[in-house]
Amino acid sequence: MKEEITPYIHHAQYYETDRMGIIHHSNYIRWMEEARIDFLSKIGYSYSRMENEGITSPVISVCCEYKSTVRFGDAVEIKTSLTEYNGVKMKLRYVMTNLTDGKICTLAESTHCFLESDGKVAILKRSRPEIHKILSGNIVPVKHT
């Protein structure tokens, strides 16, 4: 069985709140980026290493479902998993839980492609077999219930 990646913890900041005193919805996208960068480091191929080797991974789609509110001072656990990968694109799933009340606050996904430094699509299986092997070995398909 695959070892579970330690979740990323984000502490909600005052500047992330809106006029209603809750975290503004746009901040969850930033938290996804923080969790994604953390996840890649934990599986053994940091985003900075990837970029140093000439690969970027831009976001091509994002989907968020907001379930409950988060306020300043709350700690949010973000479980990140790689749910799809085909050598050209990857999809990540984020389950965000407010540790203050134990409720899932957000379910989200982001899809990314891979580009070479010249902007052309990278086919990692051919051009970066080490990255390909690491990503392929960390896919956890979403269980549909």
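Reader: How many residues does the largest nonpolar core have?
Author: In this predicted model, local features need pLDDT of at least 70, side-chain atom pairs count only at pLDDT 80 or more, and totals for chains, interfaces and linings use all residues. Residues are numbered from 1 along each chain as its sequence is written, and side-chain values use heavy atoms, with hydrogens and water left out. A nonpolar core is a set of buried Ala, Val, Leu, Ile, Met, Phe, Trp, Tyr and Cys residues joined through side-chain atoms within 4.5 Å; buried means under 20% relative accessible area, exposed over 50%, and partly exposed in between (1.4 Å probe, protein chains only). In the largest core, the residues with the most contacts inside it are Trp31, Val70, Tyr94, Met96, Phe114, Leu124 and Leu135, and the core's size is 30 residues.

Reader: Which element gives the most to this core?
Author: Helices (H or I, at least four residues) and strands (E, at least two) are DSSP runs, numbered from the N terminus. Two or more core residues come from each of helix H1 (27-43), helix H2 (47-52), strand S4 (75-85), strand S5 (89-98), strand S6 (104-113) and helix H4. With seven residues, the greatest contribution to the core is that of H1.

Reader: Is Tyr94 buried or exposed?
Author: Tyr94 is placed in strand S5. Its C-alpha atom is separated by 5.9 Å from that of Leu107, which is 13 residues away along the chain. Because its relative accessibility is 0%, Tyr94 counts as buried.

Reader: With the side chain of which residue does Tyr94 make a polar contact of 2.6 Å?
Author: A polar contact is a pair of N or O atoms within 3.5 Å; within protein, one must be able to donate a hydrogen and the other to accept it, and residues adjacent in sequence count only if both atoms are side-chain atoms. The side chain of Tyr94 has such a contact, at 3.0 Å, with the side chain of Arg36. At 2.6 Å, the side-chain partner of Tyr94 is Ser110.

Reader: How far apart are the N and O atoms in the salt bridge of Arg49 and Glu130?
Author: A salt bridge is a side-chain nitrogen of Lys or Arg within 4 Å of a carboxyl oxygen of Asp or Glu, and by this rule the count comes to seven. The two side chains of Arg49 and Glu130 meet in a salt bridge with an N to O distance of 3.1 Å.

Reader: Which residue forms a salt bridge with Glu84?
Author: Glu84 counts as partly exposed because its relative accessible area is 45%. The closest N and O atoms of this salt bridge are 3.8 Å apart, and the partner of Glu84 is Lys91.

Reader: What is the distance between the backbone oxygen of Glu53 and a polar side-chain atom of Arg128?
Author: Arg128 sits in the loop between helix H3 (124-127) and helix H4 (129-136), and is buried because its relative accessible area is 18%. Beyond four places in sequence, Arg128 is in contact with Glu53, Gly54, Ile55, Glu116 and Ile123. A polar atom of the Arg128 side chain lies from the backbone oxygen of Glu53 at 2.7 Å.

Reader: Which element supplies the largest share of the nonpolar surface patch?
Author: Patches are made of residues with over 30% relative accessible area and no salt bridge: like charges are joined within 9 Å, nonpolar side chains (Val, Leu, Ile, Met, Phe, Trp, Tyr) within 5 Å. The nonpolar patch is formed by Ile29, Val59, Val62 and Tyr66, with about 320 Å² of accessible area together, by the Shrake-Rupley method with a 1.4 Å probe, only the protein chains shown counting as cover for residues. Tyr66 is partly exposed because its relative accessibility is 39%. The largest share of the patch, three residues, comes from strand S3.

Technical notes: Contact = heavy atoms within 4.5 Å.
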